[in-house]
Amino acid sequence: MPLVNRRGALGALGAVGATAAGLLWWRSAPGRAVSAAAPSAGPSTAPVIPAAPGVPATPAARPRTAPLPSEPGRIRAENARTGSTAWKPGHHGARTTDDVAHRIKGYTSATSVGAGERLDFHVSVTPGGAYTVAIYRLGDYGGAGARHMVTSPVLDGVPGAPPALDAAGGMLACDWPVGWSLDVPADWTSGAYLAVFDDRQGNRNYTVFVVRDDRRAADFLVVLPFATYQAYNQYPLDGRAGKSLYYGYGPDGRNDYSVRARKVSFDRPYMKDGMPTRFDLDRSVITWMEGAGHDVAYASSVDIEAGRVDPSWYRAMVFSGHDEYWSDPMRKVVEDAHRAGVGQAWLTANNIYWHVRFEQNARGVANRVMNCWRDDVDPGAPLLSAPTDRWRSIRRPEQEFLGVQYNGIVARHTPLVVRSSGHWLWAGTGVRDGDAIAKVVGGEADGVEAGVPLPAGVQQTLLSHSPYPLSNGTDRVQNTSLYERPDGTVMFCAGTFNWALALGHPQYRDDRIRRATANLFDRLRQA
C-alpha cells in the first residue's frame, strides 16, 4: 500500500497520549473484577487525571505534518564512516563497575531525544572526581559496532544520593543532579546511542538512549523496548536494596519475589555495567539491519506511550528485542497501525505479555514511572486503567493480535525445526520441512495456544514446529508465525529470543535465518 494511503488511513494515530482507551469493560467492581467480554476499542471515557500545576500531562506529541521523504541511502552512508571499538568494556584497561563499588553510574532524563534537542545525564561518581561522558552511535561500521560522536569536557563528579524508596509501590528512584547536557546536533542520524561514563581511575559504566528523527519518513521504525529494560532493572544490584518488577532482596540477600517492586522508576541507572537486560538481542538486530543498509529510524517504547510515533510514516514497525511490557495506549497504536496497513516484525518472543500503566514522577515529568502490580490489587484500577496484570488475565490475550503467545522458558538451546519450507519467507535458504537449525530456539519461546483466539480473517502460516524442553523436564512447542491480512499487511513473530541473535551475534549467526529475515524485510518494504 502506498505510504500516502497508509497515512490517510491512520489519521491521528500517532498522538494517542497517555490516557487509557478501550479498557473500561473490566470496571464492573473495584479491585480485580471483570465482565464477561471486552467491547471493541473505542474512545476512552476514563477520567483525565490532571498533572501538577504548570506541567503537561504528557510530553509533546509529534506535530501532525507530512514527513520529509525518506533517504534510503542514509544508513549505508552512515555505516561507511569510520567506526570505533573504544566503547567496548576493557578498552585501554577500562573496567566496568558494579552497584556495590558504585564508582561511576549514570542515567538519562528521557529514553529518547529528537535530533536538535537536549538530553541531560545524571551522574554519580564515588568518592568524587573527574570523569567524562563519551557518546557512540551503534551500528555495523565495518565490524567495529559503533561510531564515536562526541565526548564531554572533563567534568567534576560527586556521589549521588542513594535511591529513595516509595514504600507503597516498592519503587526506587534517584534524584541526582545533572552532570552534563548534550545538545544533539540536528544532523545526527536516528539510532540507538550509547553513553560511556569513564572516571580517571579507569572505571566505566554505560547507559542507552535513542535519537529520533521527528521530521523524516523511513522504510522501517525500530522500537527499542525501554519499558521492558526498566522492568528487569534491579538497580542497585547489591544484595540489599535493589528492586525490579521481579525481585527484591530478602534478609539473607537472596532474590525474593514477595518484596519485588510494583512500580519502577526511569530515574535510575541500569544495574551492573549499565547495559539493559537482554540488550544483546537489540544490538544483534541493529548490527544486521545497519550492515544491510536498511532504511531505518528509531524510537523507544515510551515514545509510543507519549504519542511521539506516527506509524504511517513507515512501511513497517520492527520490534528488535524482548518487548514484554505494554500499556493500553501503546497496544492501541500498534493494533490500529496494523489494521491500517503498517506491517510488523517481532524478532524475539514473549511480547505484549504484561499490561502496564505509566505516570509522572515526583517532579511532574510524564512517563517516568511504570506500574505493574500483577497479582496484587492495583490501587490505580479502576480509575486509571485496567489492572496491571497479564494481558491474557484481562481477557486480551496477545495471541489474538500477534498470532502466537509466550509458552515457556527454554531450558537449553534447541534447534528450530522448519515447517512450510515452500513459503516465500524461506526462499533461497535451502531448507526443507523437518530441517533443524541449531541453537535458534533459546531464551523464551512462543507458540500457538489451543483455545485462545487467533486474529480474525487472516491467513496464518506456521514456519516452525520446534519441541523444546522446560526446566521441569516437560516439552513445549515453539512456533514461528507469519500471517497476512486480506490487504497483504504482514505480521511476523519469530517466537524465540535467538532468532534475533542469529542475525548479528557472532556466536549465533546463521545465514539461513539472515536470508529468511531479508526476505521478510523485502516483503515489508514492498507492501
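Tutor: Begin with one residue pair. The model is predicted. Histidine 122 has valine 178 in S10 as its bridge partner.

Student: What holds such strands together in general?

Tutor: Backbone hydrogen bonds pair the strands of a sheet, in a parallel or antiparallel sense. Here, strand S4 (residues 118-125) pairs with S10 through five bridges, in the antiparallel sense.

Student: In what order do the strands of that open sheet lie?

Tutor: The order is S2-S4-S10, three strands with antiparallel pairing. Strands S2 (104-108) and S10 (178-183) are at the edges. Each has a single partner strand, so one side of each lacks a neighbour in the sheet. From one strand to the next, the twist averages 25°.

Student: Which order does the open sheet of four strands have?

Tutor: Read S16-S22-S21-S19, and note the mixed pairing. Its edges are S16 (263-265) and S19 (325-327). Each edge strand has a single partner, so one side of each is without a neighbour in the sheet. Neighbouring strands are turned by 40° against each other on average, direction ignored.

Student: How many bridges join S16 to S22?

Tutor: Three bridges join S16 to strand S22 (residues 369-371), and the two run antiparallel.

Student: Which helix lies across S19?

Tutor: Helix H6 (residues 328-339) does, and it also lies across strand S21 (354-359). H6 runs at about 90° to S19.

Student: Now the core. Which residues have the most contacts inside the largest one?

Tutor: The largest nonpolar core has 109 residues. Among those with the most contacts inside it are Met317, Tyr325, Met370 and Trp499. A second, separate core of 20 residues includes Val123, Leu155, Trp180 and Trp188.

Student: What does tryptophan 499 touch?

Tutor: Leaving out residues up to four places away in sequence, tryptophan 499 touches, among others, Leu347, Leu416, Val440, Phe492 and Ile513.

Student: Are cysteine 174 and cysteine 493 buried or exposed?

Tutor: Buried means under 20% relative accessible area. Cysteine 174 is at 5%, so it counts as buried. Cysteine 493 is at 1%, so it is buried as well. The structure holds zero disulfides.

Student: How many helices and strands does the chain have, and what share of it is buried?

Tutor: Nine helices and 31 strands. Of its 527 residues, 57% are buried. The chain exposes about 19700 Å², with 52% of that supplied by carbon and sulfur atoms. Finally, take contacts between residues at least 6 apart in sequence: 73% of them join residues at least 24 apart.

How values were computed:
Residues numbered from 1 in each chain as written. Predicted model: local features only at pLDDT ≥ 70, side-chain atom pairs only at ≥ 80, totals over all residues. Heavy atoms only, no water. Core = buried A, V, L, I, M, F, W, Y, C linked by side-chain atoms within 4.5 Å. Buried < 20%, exposed > 50% of the residue type's maximum accessible area, 1.4 Å probe, protein only. Contact = heavy atoms within 4.5 Å. Disulfide = S-S within 2.5 Å. Pairing = 2+ DSSP bridges. Axes fitted to C-alpha atoms, helices over the stretch in contact; angles between N-to-C directions. Areas by Shrake-Rupley, 256 points an atom, 1.4 Å probe, with all protein chains shown as cover.
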